[in-house]
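Visitor: I would like to go through this structure term by term, and to hear the grounds for each label.

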Amino acid sequence: MGVTRWGLVGMVFAFLVATRVHSKTDPPDVSALSVLYSSLNSPSKLDGWETNGGDPCGDVWDGIDCSGSSVTKIDLSGRKLSGSLGYQMSNLAHVTYLDVSNNNLKGDIPYQLPPNVKYLDLSGNDFTGVVPYSISQMTDLEYLNLADNKLNGQLNDMFGRLSKLTEMDLSHNSLSGGLPQSLGLLLSLTTLSLQNNKLTGSINILANLSSLNELNVEINKFTGWIPNELKGIDKLQTGGNSWSSGPAPPPPPGARPLASSHKATEAGSALMTGVIIAASIFGLLVVIAILLIIFVRRSSPPTSIYLDDEEGVSDHRQFTPLSSQELSPERAGMVKDFKGDAFKPTFLDVKKTDSSNSFDVKPLQSPSSARLMHSPSDRISSFNDNEFEARLRRSVSIRPTFYSFAELQTATGGFATGRLLGEGTIGCVYRAKYPDGKVLAVKKLDTSSFQDSNVQDFNDLVANISKFSHPGIARLVGHCCESGHQMLIYEYFRNGSLYDFLHQSDGFSNPLTWNTRVRIALGTARGIEYLHEVCTPSTVHKNIKSANILLDAELNPRLTDCGLAKFYERTSQNLGAGYNAPECTKPSAFTMKSDVYSFGVVMLELLTGRMPFDSSKPRPEQCLVKWAAPQLHDIDALSKMVDPALRGLYPPKSISRFADIIALCVQAEPEFRPAMSEVVHSLVRVVQGGSRRMDDYDY
């Protein structure tokens, strides 16, 4: 009988344990809600919620609805909650409804929001900062309400992909600046509330929104005229602005007419018809002129008359900080986002050529991929090593195009100062723009530093660089060796370099999120791993720094200046203050381990937001490595080192793991620094930690 009793107790215990272990809710959802609960100061009024674990879908969590094992709805409106929304909201991939309105939430709206939300209401709180750019990626969004907060700054051009948005309320904030052009693309919008802000300029862009039936722009600083197209709206409120009096002037010839209104007057219609006819005649004359120019100058290089100069564009461009699911799958090895979505490696679509100047890349399996494939505990679903190797075997270099000096001189406006993108150790980089819109980056080598270099040396250099075929490395598309000039032509990335993002942009308005920083580090590490451990012979970069890490439109990193090491050996210039390993007292002393050190400095930049050497800091803090390295294992000190632009929106465990990798990379003795494949392996584990509990990982 005793055995039966104890057997029954054991069965009950086993059942309870099994029930707890096999909880109904997806682990990423549990983790995100636990972080949210802690960020809300663990309010007792939320029945069922837990700060660590729990089962929101299996149990009853106040304000949470599920479908199967996924959380789909969060409704915490009017609960008198305080605190913030935390940093893991992007893990809630199936949430389509999020309402935390009418509470006492403070701080910035996190950039990491549920990516597939349709209904988003954060109104009636004390949120500060800017409208997060990650909203631009919420393509299913139908309702957006950020009213009655303390939001400020300008509206970014973030609305181009929100084709389903029908209602938007940004009223009663402190938003300033003009309306972004992408507002005119919200063709499904029926209700727009912008009242009680500090918005300026005209509202002409809204005239294209033919679906609007309710518009409130009261109490702003708008100027100009109210377009006729808006005067037929059923509910239109425009008071409290500085509108111009009298009739609005006609649009200039050739301007695209605004969308027509139901109540446009006959006079307005006649005027529009006249404008269209005039524009048509003008357009016909322009076409004839262009055809004549093409006929006469068919064989001539493009002239500067066609160039759309961008010299007046502000250096403080509108960047694109991404949340964890906004990265494209175009780079190999960017294995998994923080909510566990798998990405398959993708390589450049290159064409095989029979030219003797085209070289096959020797196929080798990625060392870190091989190790992961054979280690079940570390395996990542999106690593398809067979595909990785097969695609690499098919990869061949692209034969770079020859560009004449005259053509490049025209495309760069005579290598004008306004076209200068940057100055490096061995030359300057210029932006080249063509009439068809094509833009390239031209690296004009300083041949005065290489007196013994000849044409054959340059051709060999071009041939060697052409061998590199990896998603993390900037692609060489052309070259020029003419009239004593030697130039390398690369893809152009409008987002600039990582250095620009971290040190020259308005980081507090548009910071790189922590998830994105980790991915930039991982993508760059994979590019260096490719140079060190895949290419034959191995290639040492010798000039790894944030200014040589370019960012494409989706903030995927592209390492540039690969294959130029021999030029650095011929110059005595400093290769980058703060990046050089201690043993590199001269350029010829650089090795793969010194590349690892330089990459560790880049990771420090990502962690702290500081420059590698900053003379404006107090003397003990001027050299980033000397200041930061002793503190990388001190949890309290580490939290104070993190880039303030992140506003605390990061997982502390992920920061700690990231710092551990840095500490290994920047060791003074080169023999103790890890190989790049080990660095990649460790960064992959950091990425994994975003979709699981990171306490289980060690290095």
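Guide: What follows takes a residue, a sheet and a surface patch in turn. This is a predicted model, in which local features need pLDDT of at least 70 and side-chain atom pairs count only at pLDDT 80 or more, while totals for chains, interfaces and linings use all residues. Residues are numbered from 1 along each chain as its sequence is written, and side-chain values use heavy atoms, with hydrogens and water left out.

Visitor: Why is Trp61 called buried?

Guide: Buried means under 20% relative accessible area, with a 1.4 Å probe and protein chains only; Trp61 has 2%, so the label applies. Trp61 sits in the loop between helix 2 (27-39) and strand 1 (64-67), where helices (H or I, at least four residues) and strands (E, at least two) are DSSP runs numbered from the N terminus.

Visitor: Which residues does Trp61 touch, not counting those up to four places away in sequence?

Guide: With contact meaning heavy atoms within 4.5 Å, Trp61 touches several residues, among them Leu33, Trp49 and Pro56.

Visitor: What makes strand 3 and strand 7 edge strands?

Guide: The open sheet has three strands in the order 3-5-7, with parallel pairing. Strand 3 (82-83) and strand 7 (126-128) each have a single partner strand, so one side of each lacks a neighbour in the sheet.

Visitor: How do you know that strand 5 pairs with strand 7?

Guide: Two strands pair if DSSP finds at least two bridges between them, and three bridges join strand 5 (residues 104-108) to strand 7. Asp108 has Thr128 in strand 7 as its bridge partner.

Visitor: Which residues make the nonpolar surface patch?

Guide: Ile281, Leu284, Leu285 and Ile288 make this patch of about 400 Å², and Ile281 lies in helix 3 (residues 266-296).

Technical notes: Buried means under 20% relative accessible area, exposed over 50%, partly exposed in between (1.4 Å probe, protein chains only). Patches are made of residues with over 30% relative accessible area and no salt bridge: like charges are joined within 9 Å, nonpolar side chains (Val, Leu, Ile, Met, Phe, Trp, Tyr) within 5 Å. Accessible areas come from the Shrake-Rupley method with a 1.4 Å probe; for residues, only the protein chains shown count as cover. A salt bridge is a side-chain nitrogen of Lys or Arg within 4 Å of a carboxyl oxygen of Asp or Glu.
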